[in-house]
Amino acid sequence: MGALDMLPPGDGPGHELSVFEQIALGLQHQGWVVVANALPSGLAADLFAQVRTDSECRFALAGVGRSSDHVLNRFIRRDRIRWIEGTGETEQQWLAWCGRLQTFLNRQLFLGLFSFESHFAHYQPGDFYKKHVDAFRPDGSERGARRVVSLVTYLNPGWQLADGGELVVYDVDGDAALQKVMPAYGTVVVFLSTEVPHEVLPSTRDRYSIAGWFRVNGSVADRPDPPR
Ligand code: OGA
Ligand code: MN
């Protein structure tokens with residue numbers, strides 16, 4: 001990591017602007033970026049409290065693929081997830097922060113991001129998510145919302161290298177590992193959903209993250225999007 005992505009934990013508009021600028025620059029020049037201590041500290045604490053007090057039964061085994069292609073595949077991923085619906089103050093604050101990032105990225109990079117979806121994820125010791133991309137390049141036949149920018153953040157205080165659970169970022173062909181990111185508290189990773197293969201390695205501790213996706217509008221006349 002370079003000096004730029006080593007911000008002290010912080011809050012306030014100055015910190016937020018600097019984080020958003022780093023994200024936009026990283027997306028523009030590299031297609032992915034890691035920013036340590038990026039989440040506002042109050043928000044990180046609230047999200048952590050929420051995920052830890054959430055009853056485990058609200059988390060469901062995660063699947064692979066969308067809509068009718070959605071299947072559970074224990075050989076690809078083993079995490080449990082809970083979609084964030086915006087119920088309660090903490091989830092509202094999270095969605096508001098992501099909304100401000102969406103507006104910033106649209107202004108800086110003209111991405112036309114239109115909507116956002118996200119879920120908490122819980123990886124128990126030994127759980128993993130094999131190498132994948134979050135979306136496939138459009139071939140012109142798409143009708144629904146498309147994931148364009150992925151965002152992951154981590155809620156694991158005191159994480160150590162020996163705990164494992166790194167996010168491995170690969171080059172566009174999926175051959176070379178470019179960076180292993182420790183799922184450290186408040187770190188935010190942002191990348192282009194179709195261009196950056198990545199993988200979650202197993203950990204020895206419970207690992208909590210939020211994964212989210214900014215999408216472009218795939219509406220056509222007979223099918224409003226996102227569906228209500
Ligand atoms: C995902 C994902 C990464 C992580 O949910 O698609 O790649 O580090 N998550 O939790
Ligand atoms: Mn992913």
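View 1. Val168 stands opposite Glu199 in S10. The two strands involved, S7 (residues 167–170) and S10 (residues 198–200), pair in the antiparallel sense over three bridges. Helices (H or I, at least four residues) and strands (E, at least two) are DSSP runs, numbered from the N terminus, and two strands pair if DSSP finds at least two bridges between them. Step back, and four strands make an open, antiparallel sheet in the order S5-S10-S7-S8. Strand S5 (129–132) and strand S8 (177–181) are the edges, each with a single partner strand, so one side of each has no neighbour in the sheet.

A note before the next views: this is a predicted model, in which local features need pLDDT of at least 70 and side-chain atom pairs count only at pLDDT 80 or more, while totals for chains, interfaces and linings use all residues. Residues are numbered from 1 along each chain as its sequence is written, chains are lettered from A and ligands numbered from 1 in the order in which they are written, and side-chain values use heavy atoms, with hydrogens and water left out.

**View 2. The manganese site.** Which residues hold the manganese ion (ligand 2)? His132 (NE2), Asp134 (OD) and His198 (NE2) coordinate the manganese ion, at 2.1 to 2.2 Å. Donors here are N, O and S atoms within 2.8 Å of the metal (3.2 Å for Na, K and Ca); water is not among the atoms, so sites may look incomplete. Along the chain, the donors follow the spacing H-x1-D-x63-H. His132 and Asp134 are both buried, meaning under 20% relative accessible area, with exposed over 50% and partly exposed in between (1.4 Å probe, protein chains only).

**View 3. Strand S1 in the seven-stranded sheet.** Here the open sheet has the order S1-S9-S6-S11-S4-S3-S2, with antiparallel pairing. S1 and strand S2 (60–61) are the edge strands, each pairing on one side only. S1 joins S9 over four antiparallel bridges, and Trp32 stands opposite Phe191 in S9. In a regular strand, side chains alternate between the two faces of the sheet. Both faces of S1 are covered: Trp32 and Val34 on one side, and Val33 and Val35 on the other, are all buried.

**View 4. Strands S3 and S4.** Strand S3 (residues 80–83) and S4 run antiparallel and are joined by four bridges. Look for Trp83, whose bridge partner in S4 is His119. Helix H1 packs on the sheet, touching S1, S6 and S9; contact means heavy atoms within 4.5 Å.

**View 5. The largest nonpolar core.** Nonpolar side chains tend to be buried together in soluble globular proteins. A nonpolar core is a set of buried Ala, Val, Leu, Ile, Met, Phe, Trp, Tyr and Cys residues joined through side-chain atoms within 4.5 Å. Of the 35 residues in the largest one, Ile23, Leu39, Trp94, Trp97 and Leu105 touch the most other members. H3 gives the largest share, seven residues. Not counting residues up to four places away in sequence, Ile23 touches Val33, Val35, Leu101, Leu105, Val188 and Val190. A second, separate core of 16 residues includes Val34, Ile81, Tyr123 and Val169.

Key:
Axes are lines fitted to C-alpha atoms, for helices over the stretch in contact, and angles run from 0 to 180 degrees between N-to-C directions.
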